[in-house]
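Subject: A structure to look at, with notes

Dear colleague,

I am passing on a structure for you to open, and below it you will find some notes on how its chains meet. Please read them with the model in view.

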There are 2 protein chains.
Amino acid sequence: MKRGNISQNVIRRLPRYMRHLEGLDAEGVERVSSAELGKAMGLTPSQIRQDFSCFGEFGQQGYGYSVKILLSELRGILGINKSFSVILIGAGNLGHALIRNFGFGRYSFRLLAAFDVDPALIGSEIAGVKIFSIDYLPEFIRETHVDIAVLAVPGLSAKSIANIVTKNGVKAIWNFTNIELGMDNEGVLVEDISFADSLLFLSYCLSESTAEEQE
Amino acid sequence: MKRGNISQNVIRRLPRYMRHLEGLDAEGVERVSSAELGKAMGLTPSQIRQDFSCFGEFGQQGYGYSVKILLSELRGILGINKSFSVILIGAGNLGHALIRNFGFGRYSFRLLAAFDVDPALIGSEIAGVKIFSIDYLPEFIRETHVDIAVLAVPGLSAKSIANIVTKNGVKAIWNFTNIELGMDNEGVLVEDISFADSLLFLSYCLSESTAEEQE
């Protein structure tokens, strides 16, 4: 199913909907209205109806949504049923945290392997995930179907590693470095998760709220 | 200066503008047009002019923007001149990565201390930042002016730690846990940086692009 031009903002809200619905499902709730969902998430009911209408008709006026059906639709839309394969490049502190604590499996991502330059790490395993030498990266990607490469390397290596994975056929990069890759790798999907941008947004809000208090 | 209702999307683009302008400034570029900036960032010139117009008039038709002036304005808007103080709670792998690699000082944030429950960590230092026992957290916050608390603790502790820091006077939480705090702490600013939401957005895009290829 092709969905045309849905705004990024709508799509970025979908994982939040999914989490809330998972919570309801775990509590045994079978149906939820857009009003209830809105209240729990700080959104208006009409916004929720509008968001869901981008993807088809999930609810019935006056009856609310079936939690299970909506969850299953959202999972499908977010590609969770595809079990995308993932490799991680950079097994430093952040890489360790991602392997140990992120829980790729929770949303059916399959973390196949990790890569690093540190001889002390190469050949070892973290939580069952083997660490290979970065020299083996091109060959690994060519021989194994890899959907997503996670970049947890220092910023200085970001572009060269992005080039290697792109050239060898990876379709998407989840970029944790402080280097924006968005513009450089056409045809490859890049999601920059910028810690700095997130903290600076908070800093803006804090700065504004302090200014208001002083008025 | 109060700026009224500026859309989140605009504000979230400001750190990106700042980074690009820092790059230009480092290269010695003195003026930049909205067309040049747009090309480098994948935005239209009119979008850039519209974004900047929310905060006042920085440019002159036909002359472009002064890189240094725009940078200084953006830094001010983002609160970087305020040197907000920060504490980090949870000095595990992610906490280590944040202390060692994130570079709070780069945007004038002052990382004062870290807190953990692990006796092996308490009393030690990471890159000059001292790790205290979490038991000392309430007292530390009451005695020291803390603007921002970074939560890098397991999800299960997220809400209780958020309550402690909120109750003792922290104004903002930068939340790395997988628990959404947005709705629970009124009066406190919360920025959730959700790894899962970011990966699921990428998963959606990948899923859609695969569907298109198969059509």
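The notes below begin with how to read the model and then turn to the interface, the salt bridges and one histidine.

This is a predicted model, in which local features need pLDDT of at least 70 and side-chain atom pairs count only at pLDDT 80 or more, while totals for chains, interfaces and linings use all residues. Residues are numbered from 1 along each chain as its sequence is written, chains are lettered from A and ligands numbered from 1 in the order in which they are written, and side-chain values use heavy atoms, with hydrogens and water left out.

Where the chains meet, 66 residues of chain B are in contact with 66 residues of chain A (contact means heavy atoms within 4.5 Å). Together the two chains bury about 5,800 Å², 66% of it on carbon and sulfur atoms, where buried area is the accessible area (1.4 Å probe) that two parts lose on being put together, summed over both. In chain B, Leu199(B), Phe201(B) and Tyr204(B) lose the most area to chain A, together 12% of what that side buries.

The rule finds six salt bridges across this interface (a side-chain nitrogen of Lys or Arg within 4 Å of a carboxyl oxygen of Asp or Glu). One of them joins Arg19(A) to Asp197(B), with the closest N and O atoms 2.3 Å apart, and this pair runs from helix α1 (residues 8-26) of chain A to helix α8 of chain B (helices are DSSP runs of H or I, at least four residues, numbered from the N terminus). Both Arg19(A) and Asp197(B) are buried (under 20% relative accessible area, with a 1.4 Å probe and protein chains only). Glu180(A) and Arg16(B) also meet in a salt bridge, at 2.7 Å from N to O, and both of these residues are buried.

Finally, His96(B) lies in helix α5 of chain B and, at 17% relative accessibility, counts as buried. Leaving aside its neighbours within four places in sequence, His96(B) is in contact with residues including Asn93(A) and Leu121(B).

Best wishes

How values were computed
Helices (H or I, at least four residues) and strands (E, at least two) are DSSP runs, numbered from the N terminus. Buried means under 20% relative accessible area, exposed over 50%, partly exposed in between (1.4 Å probe, protein chains only).
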